[in-house]
Amino acid sequence: PVSALIGIAFAMLQWYVVAKVPVPSHAGAGGGGGGEGSKQGRDVRGEEEEGEEDGMDYLLVEARCAEIQRAISIGATSFLLTEYKYLAAFTVAFAAVIFVFLGSAERFSARPSPCAYDPSRECRPALANAAFSPVAFLLGAATSVMSGYLGMRVATFANARTALEARHGVGRAFAAAFRSGAAMGFLLASSALLVLYAAVNLFGLYYGDDWGGLYESITGYGLGGSSVALFGRVGGGIYTKAAD
């Protein structure tokens with residue numbers, strides 16, 4: 001858990017550095033009269049074509065970036081929420097399938113059985129594995145859903161800031177993009193590790209020294225995370241191609 005907390009703290013630090021790049025709010029970008037704003041926009045575009053930039057140019061560029069960023073964020077969030085509605089039904093149905101298949105292997109027996117690694121010892125019944133594995137699967141799916149949402153929020157948060165930093169050179173743009181990627185990577189990996197640590201310890205309260213049964217049931221965590229990630233990768237890829 002210490003490494004997970006350190007990773008989350010590092011991600012927050014990178015997020016803070018990226019957030020220091022100023023991007024005006026959408027309200028500020030849309031304020032003022034429509035006719036005057038259009039006139040200023042035309043004047044600025046003419047000046048940009050001549051290679052001139054002044055303070056007003058920067059303000060309008062930042063306002064336009066904020067407007068585009070807001071549109072991308074709204075579209076991405078709407079896509080995720082729609083996709084997650086279908087994923088919720090899938091995960092619940094698949095968790096039920098896991099319970100049925102694992103439980104039926106031993107006819108839903110609730111009696112302790114000899115341990116595979118030591119037949120002289122008794123381990124938890126097969127019904128326990130059938131019950132805990134779907135719980136681990138749902139935890140993994142929930143963690144993957146959370147990771148996908150946080151990743152999308154970080155990406156849409158940083159895109160306009162990276163574009164604005166590019167006005168001052170490739171180095172600053174790369175630094176903003178790299179820091180946002182680091183924030184997303186460390187945040188997702190650390191949160192997954194933290195949830196896994198909590199799940200192992202909570203399951204361990206029941207399993208005790210039955211490590212075989214504990215880790216057999218906890219494998220559902222990886223299955224849930226990878227299943228949702230698969231849908232997110234395929235669905236997200238189709239969405240981004242349509243957005244492009």
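Helix α1 (residues 2-19) packs against α6 at an angle of about 155 degrees, and the two axes lie 8 Å apart. The model is a predicted one, in which local features need pLDDT of at least 70, side-chain atom pairs count only at pLDDT 80 or more, and totals for chains, interfaces and linings use all residues. Residues are numbered from 1 along each chain as its sequence is written, and side-chain values use heavy atoms, with hydrogens and water left out.

Axes here are lines fitted to C-alpha atoms, for helices over the stretch in contact, and angles run from 0 to 180 degrees between N-to-C directions. The angle makes α1 roughly antiparallel to α6. In this scheme, angles under 35 degrees count as roughly parallel, over 145 as roughly antiparallel, 65 to 115 as roughly perpendicular and the rest as oblique. The crossing of α1 and α6 is left-handed. A crossing is left-handed if the near helix is turned anticlockwise from the far one by less than a right angle, and right-handed if clockwise.

The protein as a whole holds seven helices and two strands. Read from the N terminus, the order is α-α-α-α-β-β-α-α-α. Of the 244 residues in the protein, 32% are buried. Buried means under 20% relative accessible area, exposed over 50%, and partly exposed in between (1.4 Å probe, protein chains only).

Helix α6 spans residues 170-207, 38 residues in total. From its first C-alpha to its last, α6 reaches 54 Å, close to the 56 Å expected at 1.5 Å a residue. The expected span is 1.5 Å times one less than the number of residues. Buried positions of α6 include A173, A176, S180, A182, A183 and L187. Further along α6, S190, S191, A199, V200, F203 and Y207 are also buried. Just after α6, G208 takes a positive phi of about 65 degrees. D209 lies in the loop between α6 and α7 (211-243). D209 is partly exposed, at 46% relative accessibility. In sequence D209 and C123 are 86 residues apart, yet their C-alpha atoms are 8.7 Å apart in space.

Helix α5 also packs against α6. The axes of α5 and α6 come within 9 Å and cross at roughly 165 degrees. The pair is therefore roughly antiparallel. The contact of α5 with α6 involves 21 nonpolar, seven polar and two charged residues. Ala, Val, Leu, Ile, Met, Phe, Trp, Tyr, Cys and Pro count as nonpolar, Asp, Glu, Lys and Arg as charged, and the others, Gly among them, as polar. α5 passes α6 in a right-handed crossing.

Salt bridges were assigned next. Side chains of opposite charge can pair when their charged atoms come close. A salt bridge is defined as a side-chain nitrogen of Lys or Arg within 4 Å of a carboxyl oxygen of Asp or Glu. The count by this rule is three.

R167 lies in the loop between α5 (126-165) and α6, and E62 in helix α4 (residues 55-105), so the pair ties together parts that are 105 residues apart in sequence. R167 is partly exposed at 29% relative accessibility, whereas E62 is buried at 17%.

R172 and E165 form another salt bridge, at 3.2 Å from N to O. R172 is partly exposed, with a relative accessible area of 42%. E165 is buried, at 12%. The C-alpha atoms of E165 and V21 are separated by 7.7 Å, although the two residues are 144 apart along the chain. V21 sits in the loop between α1 and α2 (26-30). At 11% relative accessibility, V21 is buried.

E67 and R64 also form a salt bridge, with the closest N and O atoms 3.1 Å apart. Both residues lie in helix α4, three residues apart, about one turn of the helix. E67 is partly exposed at 35% relative accessibility, and R64 is partly exposed at 46%.

Helix α4 also contains A105. A105 is exposed, with a relative accessible area of 60%. The C-alpha atoms of A105 and L127, 22 residues apart along the chain, are separated by 9.4 Å.

Terms used:
Helices (H or I, at least four residues) and strands (E, at least two) are DSSP runs, numbered from the N terminus.
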